[in-house]
Amino acid sequence: MISDAMWDRIEPLMPADPVRGRRWADHRRTLEAIAWRYRTCSPWRDLPEELGPFQTAHKRLLRRAVDGTWQRIFAAVLAAADANDDIGWTASVDSTVCRAHQHAAGARKG
């Protein structure tokens with residue numbers, strides 16, 4: 001689940017409720033639903049009832065992807081974690097990254 005400290009960073013970056021129409025579902029509960037789905041690799045239809053209807057979470061995921069909200073949240077959380085030295089950057093390269101076609105890899109020509 002999302003900690004209170006993390007939510008305090010994320011909440012100001014979430015879009016405001018619409019001026020017209022009814023209020024949106026709770027942002028935190030919807031974000032918990034999205035995180036649950038990706039953490040468990042389960043289908044949307046298996047979302048637990050306490051996280052709300054899966055249609056709401058899925059629609060909100062797509063809307064926030066289109067309007068750039070996820071990129072803003074990621075940038076803010078990454079900047080805060082980097083400022084606190086909470087990130088260890090590691091790069092790993094193995095032979096799968098550099099694989100060449102068999103004819104370019106020194107195979108004998110027929």
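In the predicted model, helix H2 (residues 27–40) packs against helix H3 (residues 54–67) at an angle of about 90°, and their axes lie 9 Å apart. Axes are lines fitted to C-alpha atoms, for helices over the stretch in contact, with angles running from 0 to 180 degrees between N-to-C directions. H2 and H3 are therefore roughly perpendicular to each other (65 to 115 degrees; under 35 counts as roughly parallel, over 145 as roughly antiparallel and the rest as oblique). H2 contributes His27, Thr30, Ala33, Ile34 and Tyr38 to the contact, and H3 contributes Thr56, Ala57, Arg60 and Leu61; contact means heavy atoms within 4.5 Å. By class, the residues of this contact are five nonpolar, three polar and one charged (nonpolar: Ala, Val, Leu, Ile, Met, Phe, Trp, Tyr, Cys and Pro; charged: Asp, Glu, Lys and Arg; polar: the others, Gly among them).

Residues are numbered from 1 along each chain as its sequence is written, and side-chain values use heavy atoms, without hydrogens and water. Because the model is predicted, local features need pLDDT of at least 70 and side-chain atom pairs count only at pLDDT 80 or more, whereas totals for chains, interfaces and linings use all residues.

The loop between H2 and H3 contains leucine 51. Leucine 51 is buried, with a relative accessible area of 10% (buried means under 20%, exposed over 50%, partly exposed in between; 1.4 Å probe, protein chains only). Beyond its neighbours within four places in sequence, leucine 51 is in contact with Arg29, Glu32, Ala33 and Trp36.

Aspartate 85 counts as exposed at 67% relative accessibility.

The charged end of arginine 37 sits over the ring of tyrosine 38, 5.1 Å from its centre (criterion: NZ of Lys or CZ of Arg within 6 Å of the ring centre and within 35 degrees of the ring normal).

The protein chain has four helices and zero strands (DSSP runs, H or I of at least four residues for helices and E of at least two for strands, numbered from the N terminus). Of the 110 residues in the protein chain, 25% are buried.
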